[in-house]
Amino acid sequence: MKKLIPFILAVLPLVASCKMEDTFTQTNVQEMVTVKEGVLLNDNGYVLNVKEDAVGAANWKIEGNRYLALFDILNRALDIKLKDVIKASIVYPAEYDGEGEYPADPVGLEMTGYSGGYLNLGLSYYKAKGSNAAHPIRFYDEMKGNLHYLHISHEGNGEDPTRMDEKDLETAFSIFSLPLELGSSDRIALVMDVIVTDSTGKKTVEEQTVNLY
């Protein structure tokens, strides 16, 4: 799953749609879930009953934790075979101060979805191969009318993916769930630094704004 998930571009309410179909079995469902009182609750409010556990309860059954889960739906009662989980960090954005200094290492947007009162983001980034050094990623909210400008600040460890050979780098992936209550007219845009490659193959880091909702 850790190879599969970074290619997801959206988190969808799959279980909700599945219940409306004639069949109640489905394989390789990927969905955001929260542990509540020892069970998995998806963002549509459905309880997923773990009947087959390939992960191991000791590794996921921690109250309040959020995950991107991979599972098979076995029947109408939403019994599932849990196949894998990736933990999501629950992060409350700070207020953006345009006068402040924010680290600006590049990130890649691999996954996005709004569900259960959370904005869920999957971000990729480069790190030195074999390094266990932390790569803090922080979020800052700037409100302009009904538009949330979420500034993403990534602090690397001196890696320069525009100059370093790719054999010296590896890609990491993290999921973040940002509690964000949106009104019917609210909108979200991400402001982040990304790697841009021109027609000659030259790489640069540029700030981009990505409108989400």
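**Overview of the chain**

Modeller: Of the 213 residues of the chain, 41% count as buried. Please keep in mind that this is a predicted model.

Biologist: How many helices and strands are there in the chain?

Modeller: The chain has 2 helices and 13 strands.

Biologist: And what share of the contacts joins residues at least 24 apart?

Modeller: If we take contacts between residues at least 6 apart in sequence, 65% of them join residues at least 24 apart.

Biologist: Let us turn to the strands. What is the order of the open sheet of 5 strands?

Modeller: The order is β6-β9-β10-β12-β13, and the pairing is mixed. The strands at the edges are β6 (94-95) and β13 (203-211). Each of these two has a single partner strand, so one side of each is left without a neighbour in the sheet.

Biologist: What holds paired strands together in general?

Modeller: Strands of a sheet pair through backbone hydrogen bonds, and the pairing is either parallel or antiparallel.

Biologist: Then take β6 and β9: parallel or antiparallel?

Modeller: Strand β6 runs parallel to β9 (residues 137-144), and 2 bridges join them. Alanine 94 has tyrosine 140 in β9 as its bridge partner.

Biologist: And β9 with β10, parallel or antiparallel?

Modeller: Those two run antiparallel and are joined by 8 bridges. One example is lysine 144, which stands opposite leucine 147 in β10. Strands β9 and β10 also form a hairpin, with 2 residues between them. In the turn of that hairpin, glycine 145 has a positive phi of about 65 degrees.

Biologist: How do β10 and β12 pair?

Modeller: They pair in the parallel sense over 5 bridges. Here histidine 151 stands opposite valine 191 in β12.

Biologist: How many cavities of 30 Å³ or more does a search of the whole structure find?

Modeller: The search finds 1 cavity of that kind. The largest cavity holds about 60 Å³ of space. Among the residues that line it are Asp105, Tyr126, His135, His154, Asn157 and Glu159. By class, that lining has 3 nonpolar, 5 polar and 2 charged residues.

Biologist: Let us go back to the start of the chain. How do β1 and β2 pair?

Modeller: Strands β1 and β2 pair in the antiparallel sense over 4 bridges. Within this pair, valine 35 stands opposite leucine 40 in β2. The two strands form a hairpin with 2 residues between them.

Biologist: And how does β1 pair with β4?

Modeller: That pairing is antiparallel too, over 7 bridges. Methionine 32 has leucine 68 in β4 as its bridge partner.

Biologist: Which residue in the turn between β1 and β2 has a positive phi?

Modeller: That residue is glutamate 37. Its phi is near 50 degrees, a positive value in a residue other than glycine. Glutamate 37 lies in the loop between β1 (26-36) and β2 (39-42).

Biologist: Is glutamate 37 buried or exposed?

Modeller: Glutamate 37 has a relative accessible area of 71%. The cut-off for exposed is over 50%, so glutamate 37 counts as exposed.

Biologist: Where is leucine 78, and what is its phi?

Modeller: Leucine 78 is in the loop between β4 (66-73) and β5 (79-90). Its phi is near 60 degrees, again a positive value in a residue other than glycine.

Biologist: Is leucine 78 buried or exposed?

Modeller: Leucine 78 is buried, with a relative accessible area of 4%.

Definitions and conventions. Residues numbered from 1 in each chain as written. Predicted model: local features only at pLDDT ≥ 70, side-chain atom pairs only at ≥ 80, totals over all residues. Heavy atoms only, no water. Buried < 20%, exposed > 50% of the residue type's maximum accessible area, 1.4 Å probe, protein only. 1 Å grid on protein atoms, 1.4 Å probe; cavity = no way out; pocket = protein on both sides within 12 Å on 5 of 7 lines; lining within 4 Å. Points joined across faces, edges and corners; volume = space filled by probe spheres on them. Nonpolar A, V, L, I, M, F, W, Y, C, P; charged D, E, K, R; others polar. Pairing = 2+ DSSP bridges. Contact = heavy atoms within 4.5 Å.
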